[in-house]
Structure formats: C-alpha cells, structure tokens
Amino acid sequence: MRLKVLGHSLIAMSCGSLVTYLAIRLLEGEMATFQDGDQALSLVGNGSWLHHWDRRKPTLEQLHSSFKKNEPSALRHIILVRHGEYFKTMHGSHLTERGRLQAQRTGKRLREMGMSWDQIVTSTMTRAEETATIILKELDIDTNKMKHDWLLREGIPYPADTLYSNGHRENLAYQRDGPRIDAAFQQYFFRATPEQKHDSYLLIVGHSNVIRYLILRALQLPPIAWKRLHLNHSSITWLTVHPTGYVTLRCLGDTGFIPVAQVTNRRPKKLDNSD
C-alpha cells in the first residue's frame, strides 16, 4: 500500500501539479476514511487516525481554486461539564445543596479561565439545566442565550465491556439511546470551517455516560471502553479540534477547584431513601 501511495505521489509531483497530487490523495482517502457508523468505529483503536472523520474534506473545486485559501485555520475548543450532585423525586431530578455549590465553583473556575463563549448548550434533563443556569450566573451570561438539546440527555451510548455490562437490559437501552447520543456527537464535534477566522469556545453541560462516550469518540478510541473512565460531579473536560481535524484532550474530569470534602460522583443514598 505504501509503495502504491509513493508511486502516485511521484507521478503527481513529476507532472508539476500540486492539485493533481492532492486530488489523488483525496480519492484514496474517500475509500479509506469516509465510512459510516459501526463500520468506521471498527477501524478505531488500531493506532491510525481517520483524518476526515467529520466529513470536512476539500472538494475538487476547492483544490482548483487554491487549496490553502480554503484550509481551516481556527481551533474549536469544546468544554464538557457534568451536572452537579442531585437527588431524585417524583417530579424529576434536582441538584442537592452540595450540587449547587459544586456548580457554582465550576462557574467560577470557567470565569477564571477567561474564555469568550460562542455557544452554550445543556441537556434538557433538570439536573443539567439547573447546573448550567448556576454556571451562567457566575459567567454573567443571560440564560436565554443557552440552547437546550434533548440529544444530550443521559442514556447508554454504546455496549460496554462484558465485565461491566448489565447484559440484555443494557443492550436494549443502547438500541434506544445510542443513535441519539451519536447524533449529538455529529451535531457538535467537527473542525472549524475555512470561514471561521478566530478560535471558538463551546460549553456543553450534560451527563457522565454521554460525556465519556463523546470523549472516546472524539479521540478515536474504542467506545466500548466508556465505563473505564470516571467523572465527578461538576467536573470539567476540555477537548480541542485542530484545523487539520486532529483532536487533543487538554483535561479530563478536572475537579481540582472543588474542596475534597465536596467532591462526589454518585447521588446520595440517604436522600433517595427519603423520597
């Protein structure tokens, strides 16, 4: 395969045409990297990077009209926050007092990071919306600017490792939730367009299962391992999508700004028992 690619490269360069060279590589990439769903995921984990995972490839027209001019140059920063500690009631899940304090500290931390937010999105589940509202108050941003997206609701995003799987019941939940959560990935994870001239910042407030899956999906790591990751309440995860389409993880589940006594990852049992 490498000899074949080298042969094509030499032919293109000998013709003195950069466009020809890029067109050949583009056509080869069409077969190797533009694959859908489980077929594409089956290639994940072998160490190689699927460069056109977000389908943001240059067209032949763009190649002929100066490739560099149509090349993205901005970074897309995606910050994912898990909701705060919560308890369940007959009327839904709401943040505990500690959960509200966690969300407040997360908001202060994000404010200290000095980011200029281009978009803020939250899951439509109450605990996520309450967390996002508290964060926006700390950021001094109008809550009307926040988008509520049902695609980000909690669920089972992918069949987990056998050791950690709940079997048939979990598989049924995956069939229900998996397509929706993957649609959320398609909705928010992609490289900047050539028209985007400045780095952008997207804040997503959501849930542990969903965020863990999105992380692995973005890093092109086996999504079956999503239960191996651990996220505390109100934790911050930061991913960056580079102009080339490459994705890097800047931090995972950071809660260093929350006092140790206030760090939690599961809802308190005593509040559940009192409902």
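Predicted model: local features only at pLDDT ≥ 70, side-chain atom pairs only at ≥ 80, totals over all residues.
Biologist: Two strands pair if DSSP finds at least two bridges between them. What is the order of the six strands in the open sheet?

Modeller: The order is E5-E4-E6-E1-E7-E8, and the pairing is mixed. Strands (E, at least two residues) and helices (H or I, at least four) are DSSP runs, numbered from the N terminus.

Biologist: Which strands are at the edges?

Modeller: Strand E5 (146-149) and strand E8 (247-254). Each of these edge strands pairs on one side only. From one strand to the next, the twist averages 20 degrees.

Biologist: New topic. How many salt bridges are there in the whole structure?

Modeller: The search finds nine. A salt bridge here is a side-chain nitrogen of Lys or Arg within 4 Å of a carboxyl oxygen of Asp or Glu.

Biologist: Start with Asp54. What is its partner?

Modeller: Arg191, with the closest N and O atoms 2.8 Å apart. Asp54 is in the loop between helix H3 (37-41) and helix H4 (60-64), and Arg191 is in the loop between helix H7 (168-188) and strand E6 (200-206), so the pair ties together parts that are 137 residues apart in sequence.

Biologist: Is Asp54 buried or exposed? And Arg191, buried or exposed?

Modeller: Asp54 is buried, at a relative accessible area of 9%. Arg191 is buried too, at 5%. Buried means under 20% relative accessible area, exposed over 50%, partly exposed in between (1.4 Å probe, protein chains only).

Biologist: What about H7? Where are Arg180 and Asp177 in it?

Modeller: They are three residues apart in helix H7, so about one helical turn separates them. A network of salt bridges links Arg176, Asp177 and Arg180.

Biologist: Which residue forms a salt bridge with Asp182?

Modeller: Arg217, with the closest N and O atoms 2.9 Å apart. Asp182 lies in H7 and Arg217 in helix H8 (residues 208-218), so the pair ties together parts that are 35 residues apart in sequence. Arg217 is buried, with a relative accessible area of 17%.

Biologist: At what angle do H7 and H8 pack?

Modeller: About 55 degrees, with the axes 10 Å apart. Axes are lines fitted to C-alpha atoms, for helices over the stretch in contact, and angles run from 0 to 180 degrees between N-to-C directions.

Biologist: Which residues meet there?

Modeller: On H7, Ile181, Asp182, Phe185 and Gln186. On H8, they meet Val210, Tyr213, Leu214, Arg217 and Ala218. Contact means heavy atoms within 4.5 Å.

Key: Residues numbered from 1 in each chain as written. Heavy atoms only, no water.
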